[in-house]
Amino acid sequence: MQDKNIMQDILMLEKGVCDLYMHGAIESSTKNIGNTFKSALDSSLSIQEDIYSNMEAKGWYSTEQADQNKIDTLKQKFTNMQ
C-alpha cells in the first residue's frame with residue numbers, strides 16, 4: 001500500500017473519530033462527560049488538521065479556491081432566511 005493511500009485512510013478514520021466525539025458531546029448526560037468529549041474532539045480536530053496539512057504539503061490533498069460570486073450568492077441566500 002502506498003503512503004498516500006495510508007494517509008487517506010488515516011484521515012478518514014480521524015474524521016470518523018471526530019464525528020463520534022461530536023455526537024458524544026451533544027448527547028452527554030452530564031456536564032463532565034460533555035466536557036470530556038469536547039476535549040477529545042478538540043484534540044482529534046487538531047490531529048485531523050495535522051494529517052491534512054501533511055497531505056497537502058505532499059500534494060496528496062488539494063482544494064480549490066471557491067468562486068467569490070458563489071460565496072456572495074450563498075451568503076445573501078442565508079442572510080435573507082433570517
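Is Tyr61 buried, exposed or partly exposed? With a relative accessibility of 27%, Tyr61 counts as partly exposed, where buried means under 20% relative accessible area, exposed over 50%, and partly exposed in between (1.4 Å probe, protein chains only). The model examined here is predicted, so that local features need pLDDT of at least 70 and side-chain atom pairs count only at pLDDT 80 or more, while totals for chains, interfaces and linings use all residues. Residues are numbered from 1 along each chain as its sequence is written, and side-chain values use heavy atoms, with hydrogens and water left out.

Helix H1 covers residues 3-27, helices being DSSP runs (H or I, at least four residues) numbered from the N terminus. The end C-alpha atoms of H1 are 36 Å apart, which agrees with the 36 Å that its 25 residues should span at 1.5 Å a residue, the expected span being 1.5 Å times one less than the number of residues. The buried residues of H1 are Met7, Leu11, Glu14, Cys18, Gly24 and Ala25, and what covers them includes H2, contact being defined as heavy atoms within 4.5 Å.

In the segment before H1 lies Met1, which is exposed at a relative accessible area of 75%. Together with Ile6 and Ile10, Met1 makes a nonpolar surface patch of about 300 Å²; patches are made of residues with over 30% relative accessible area and no salt bridge, with like charges joined within 9 Å and nonpolar side chains (Val, Leu, Ile, Met, Phe, Trp, Tyr) within 5 Å. A salt bridge is a side-chain nitrogen of Lys or Arg within 4 Å of a carboxyl oxygen of Asp or Glu, and accessible areas come from the Shrake-Rupley method with a 1.4 Å probe, only the protein chains shown counting as cover for residues.

A search of the whole structure finds 2 aromatic pairs, for which ring centres of Phe, Tyr and Trp (its six-membered ring) must lie within 6.5 Å, with planes under 30 degrees apart counted as stacked, over 60 as edge-to-face and the rest as tilted. Tyr21 and Phe37 form a tilted pair, 6.4 Å centre to centre with 55° between the planes. This pair links distant parts of the chain, with Tyr21 in helix H1 and Phe37 in helix H2 (residues 31-57), 16 residues apart. Tyr21 is partly exposed at 29% relative accessibility, as is Phe37 at 28%. The rings of Tyr52 and Tyr61 have centres 4.9 Å apart and planes at 85°, and therefore form an edge-to-face pair.

Also in helix H2 is Ala57, which is exposed at a relative accessible area of 70%.

Note on methods. Helices (H or I, at least four residues) and strands (E, at least two) are DSSP runs, numbered from the N terminus.
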